[in-house]
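Thanks for coming. I will take a few minutes on one structure, so please have a look at it first.

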Amino acid sequence: MEAGFRYNQPKMKTFLLAWSPIRSSSEWDDFDKLSQDVKNGNIEPIRWSCGNSKRLQKGDRVFFIKLAKEPKGLFASGHVVKKSYEDTHWDGQKAKQGKTSYFVKVKLDVLLDPNREDQILSRKFLDEAPFSDMHWDTQVSGVKIPESIAAKLEILWANFTNTFKFTFPEEVDEIPEELMEGSVRRVTVNAYERNPEARRICIEHYGAICRICGFNFEETYGEIGKGFIHVHHLKQISEIGKAYQIDPINDLLPVCPNCHAIIHKRTPPYTIEEVKKFLRS
């Protein structure tokens with residue numbers, strides 16, 4: 001991190017969860033289906049060993065790394081939904097008598113096939129700076145990733161997983177509602193709906209340009225990219241829970257898919273200013 005660069009560090013920490021297929025088995029047998037379930041949000045939180053680490057808390061960020069057997073590298077990510085807890089250690093379907101360990105429950109947001117070399121983020125990429133400052137070939141699970149490395153890892157991971165269409169869609173589907181009359185020009189929407197008219201007003205005001213990095217799809221891709229942009233909801237719509245009045249100018253902001261992915265790599269989401277600072281670093 002450059003000297004003089006400071007921002008309010010989030011309370012969330014980032015940890016590495018290890019998997020050695022030689023020493024332990026996995027409950028997963030159909031990665032294509034499970035990967036699609038993760039994309040659709042249809043997979044239940046999974047239990048994963050974090051060794052002797054009691055430090056993982058609800059909301060912490062985790063990355064999964066496959067070691068010991070090629071291909072090696074990162075293949076999944078998510079957030080902790082149940083903090084470290086002690087439980088019986090299982091070997092497949094059988095409990096190891098008297099054996100206990102610490103576990104966490106994780107809600108996955110990305111799952112790739114760790115047995116496919118073309119889908120795993122190869123271990124070799126982690127030998128480059130600044131990632132080389134982290135000991136990735138750990139023998140234990142639940143190792144903390146330093147914050148300076150974690151921020152760069154999020155960007156590397158977002159770019160890599162976008163290759164497999166793990167782009168983050170806009171928070172909810174677009175369903176039209178009535179545009180209210182008046183000088184304020186507000187749009188009434190349900191908390192779990194997105195209004196295309198509100199989106200149109202937002203883009204008309206700001207332009208189809210990312211307000212974080214300045215990316216313009218039309219300049220890069222030509223006519224096919226004209227008008228394309230994600231629209232980020234500055235309020236956490238999942239926490240509003242009711243119909244409310246939305247101001248397309250003050251509540252929405254155009255962002256590119258990459259910046260949008262980084263915003264939603266944390267719960268609660270990173271702010272616009274935080275993501276801008278990541279870029280400046």
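I start at Ser101, which sits in strand 5, the stretch covering residues 94-111. Keep in mind that this is a predicted model. Is Ser101 buried or exposed? Its relative accessibility is 11%, and since the cut-off for buried is under 20%, Ser101 counts as buried. What does its side chain reach? The backbone oxygen of Gly51, at 3.2 Å.

Now the protein chain as a whole. Its secondary structure consists of 7 helices and 11 strands. There are 281 residues, and 47% of them are buried. Of the contacts with a separation of 6 or more, 67% join residues 24 or more positions apart.

Next, helix 7, residues 272-280. The buried residues there are Ile272, Glu274, Val275 and Phe278. Because they cover an arc of only 165° around the axis, they lie on the same side of helix 7. As background, an α-helix has 3.6 residues a turn, so residues three or four places apart point the same way.

Last, confidence. The mean pLDDT of the protein chain is 77, and 74% of its residues reach 70 or more. Residues 1-10 have pLDDT below 50, and the model gives this stretch 15 contacts beyond near neighbours in sequence. Residues 165-194 also stay under 50, with 95 contacts beyond four places in sequence. Where pLDDT is low, the predicted coordinates should not be read in detail.

Note on methods. Residues numbered from 1 in each chain as written. Predicted model: local features only at pLDDT ≥ 70, side-chain atom pairs only at ≥ 80, totals over all residues. Heavy atoms only, no water. Helix = DSSP H or I, 4+ residues; strand = E, 2+ residues; numbered from the N terminus. Buried < 20%, exposed > 50% of the residue type's maximum accessible area, 1.4 Å probe, protein only. Polar contact = N/O pair within 3.5 Å; in protein donor to acceptor, adjacent residues only side chain to side chain. Contact = heavy atoms within 4.5 Å. Arc of directions from axis to C-beta. pLDDT = per-residue confidence, 0-100.
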